[in-house]
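Try each task before you read its solution.

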Amino acid sequence: MVPKKPKIAVFKFASCDGCQLSLLDAEDELLLVAGAVEIANFLEASRRVVKGPYDIGLVEGSITTPHDVERVREIRKECRVLITIGACATAGGIQALRNWKDVKEFTRIVYASPEYISTLDRSMPVGSYVHVDFELRGCPINKYQLLEVLNAFLNNRKPTIPTYSVCMECKLKGTVCVMVAGGTPCLGPATQAGCGALCPSYARGCYGCFGPMENPNTSALSRHFTELGESNLDIMLAFRGFNAYAEAFRKESDAHE
Amino acid sequence: MSKTVTIAPVTRIEGHAKITIHLDDKGTVTDARFHVNEFRGFEKFCEGRLMWEMAGITSRICGICPTSHLITSAKAGDDILAVAIPPTAEKLRRLITLAQWIQSHALSFFHLSSPDFLLGFDSDPATRNIFGLIAKDKEFARRGIRLRKFGQEIIEVLGSRRIHTPWAVAGGVREPFEVSKRDYLLAWIPEARETALLALKTLKSIHENFSTDIPNYGNFRSLFVGLVAPDGALEYYDGTIRIMDGGGNIIADKIDPHSYSDQFGEATEDWSYLKFPYYKPLGYPQGMYRVGPLARVNICDYIDTPLAEEERQIFKAMAGQAEAVNNSFYYHYARLIELLFAVEKAEALLNDPEILNPHVRSKAMINRLMGIGVSEAPRGTLFHQYWVDENGVLQKVNLIIATAQNNLAMNRTVRQLAMRYIDGNKITDGILNRIEAGIRCFDPCLSCSTHAAGQMPLHVQLFDADHRLLDEIRR
Ligand code: SF4
Ligand code: SF4
């Protein structure tokens with residue numbers, strides 16, 4: 001008997017679709033993957049919705065409405081393993097910037113009848129409502145990391161995803177430190193690796209799209225920014241980016257408000 | 001009993017949407033609507049950010065066309081700095097814009113639409129997708145996947161990653177180009193050109209096979225809006241706005257993008273988060289217009305690459321004397337003409353020695369307190385307008401997105417299809433899929449158009465002929 005193909009489902013909440021598109025971006029792998037697993041629910045690519053339960057559920061996007069909360073709880077029940085993909089699902093995403101503003105004011109401005117809009121006050125990570133088995137970082141995620149995580153879970157092993165900082169990637173690449181050499185403020189020392197130190201290789205500081213590394217020393221980094229001449233506003237904005245609502249970054253940005 | 005049929009969410013388009021179809025007592029369609037129910041709030045939460053950050057932030061509006069937002073935002077930044085960017089920077093930005101067209105247009109045709117055409121609208125929905133296509137015609141699917149990859153490769157070679165590259169910046173781009181990278185990309189051209197031609201050939205046979213369906217796909221007159229080059233050629237990065245009516249007459253031309261707000265207004269409706277832009281002189285909703293491939297290929301005087309120009313003439317001939325091509329189904333055709341153009345034009349740019357010049361960025365401080373950026377995103381004209389203070393802190397942001405500009409026309413298309421195919425109470429999967437396919441002609445990108453926070457729960461409304469609310473259901 002042919003063994004049953006594992007079922008993978010992709011779910012979307014508030015997001016830009018960039019993370020799930022990384023799956024389509026794995027072109028060479030796509031043709032292979034198509035044979036090895038059953039993509040049971042992937043709206044971006046098909047209307048097919050195969051009923052759960054699923055072996056793996058990939059969740060993209062942040063939770064922004066009461067309906068989202070219900071839906072993500074349902075999804076959790078249907079998935080043996082639940083993985084969040086990207087900064088939106090893992091930390092609330094760039095739209096979490098609205099968590100510092102009055103959402104009512106937003107809807108009034110863009111919408112004639114704001115009473116029709118049903119939205120939570122905040123854009124929240126998936127993990128604040130349901131248990132998440134693995135959080136894949138990035139805005140967007142790195143497709144090789146995604147393939148590694150899928151492979152690991154399908155083979156019941158732990159994914160090998162580095163948790164060190166972007167600084168380590170600069171060293172590995174031989175990129176000159178933008179902060180030491182250029183005096184450019186850079187979130188690299190507090191940000192988890194994954195992008196291959198992309199911004200520093202353009203001689204620009206990292207703005208943290210992979211979110212805080214394990215135990216980041218954000219206050220030491222802020223002090224360093226101050227020495228480089230950055231204002232409180234600059235520091236607040238630097239930490240309040242694509243991972244603004246991730247705890248370590250949120251606290252540091254609030255401290256400079 | 002009158003009733004409403006809901007299809008939610010619409011699949012194989014980017015993001016989420018909902019359609020409601022309104023029936024009367026006899027089961028005849030009286031209205032059908034395309035609703036968008038995601039709302040993220042970019043315009044508002046960008047207030048207080050720095051102008052320099054906008055290219056990176058607005059690229060997160062959409063994972064399909066991040067590069068279009070990146071470039072348009074950088075252009076609004078150029079305007080605020082009041083600088084002319086180095087010619088090489090413009091050429092590189094043009095190249096990445098074409099790459100965006102290639103990957104997005106290839107995705108639209110091969111991954112999203114061709115399964116309907118090649119496997120049939122009435123085939124099993126479980127396999128009517130890119131995976132089903134791989135199973136049926138692996139070579140065709142493989143070539144389509146590779147053509148999209150070519151577009152993504154250009155973006156990756158220039159910007160180091162495909163989605164949300166930090167490469168463009170107000171004043172230019174961050175890194176000069178290199179010979180080895182150019183040669184690598186040039187080597188792709190023959191294959192890419194051939195696949196674009198294959199797509200066109202395939203689409204033409206589809207035109208024959210679906211000749212009875214096609215007249216129902218959003219066949220109506222509307223205005224067409226887009227950018228054209230100073231000499232009237234098809235344009236994608238710069239130029240001025242031209243407006244054509246459904247009879248093929250140019251009714252406004254050489255409009256400076258800075259005055260777009262004099263020309264276009266934005267209406268809102270209770271039942272959709274997506275706004276309804278319209279051409280002000282004609283009012284709402286008469287000022288309905290279409291943007292994107294169908295509009296661009298209609299309004300331009302010519303295309304400055306040989307193969308695409310040849311195709312454009314065939315396209316034009318379909319319209320008959322002094323008419324624009326008004327059928328929305330031909331969005332697909334126009335899209336593939338543009339795909340071919342983008343490949344040809346990318347080759348020309350790659351062969352331009354100036355593209356290797358190392359001077360790619362002009363530096364300046366804040367010199368103007370307002371800036372506008374405009375470009376042609378794959379789905380149509382994209383506007384970014386920013387108001388800043390002397391330190392470059394954003395005071396106000398306005399974004400007009402291609403998909404929103406097609407909103408009125410998409411609704412009209414859905415209505416036309418519902419009226420043609422829904423008869424009484426029988427609604428087959430084939431009918432539902434035709435309506436979805438009608439929307440897919442426009443290749444709408446809902447992540448973009450809902451740039452504005454969250455998600456509206458499913459919400460179905462029933463109206464009588466006087467637009468009085470008869471009933472409503474929420475869930
Ligand atoms: S994390 Fe970034 S790339 Fe991924 S869906 Fe969210 S905005 Fe898009
Ligand atoms: S912002 Fe930081 S994590 Fe993101 S690409 Fe740049 S260097 Fe990498």
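**Exercise 1.** Is Y302(B) buried, exposed or partly exposed?

*Solution.* This is a predicted model, in which local features need pLDDT of at least 70, side-chain atom pairs count only at pLDDT 80 or more, and totals for chains, interfaces and linings use all residues. Residues are numbered from 1 along each chain as its sequence is written, while chains are lettered from A and ligands numbered from 1 in the order in which they are written.

Start with the cut-offs: with C-beta atoms placed from the backbone, 20 or more others within 10 Å make a residue buried, 12 or fewer make it exposed, and anything in between is partly exposed. Y302(B) has 14 other C-beta atoms within 10 Å, so it is partly exposed.

**Exercise 2.** Find which residues Y302(B) touches, leaving out those up to four places away in sequence.

*Solution.* Contact means C-beta atoms, placed from the backbone, within 7 Å. On that basis, Y302(B) touches G232(B), A233(B) and E309(B).

**Exercise 3.** Work out why the site of ligand 2 is shared between chains.

*Solution.* Count a residue as near when its C-beta atom, placed from the backbone, lies within 6 Å of the molecule. The residues surrounding ligand 2 come from chains A and B, so the site is shared. Of these 13 residues, C195(A), L198(A), C199(A), C206(A) and C209(A) come nearest.

Notes
Two residues are in contact if their C-beta atoms, placed from the backbone, lie within 7 Å.
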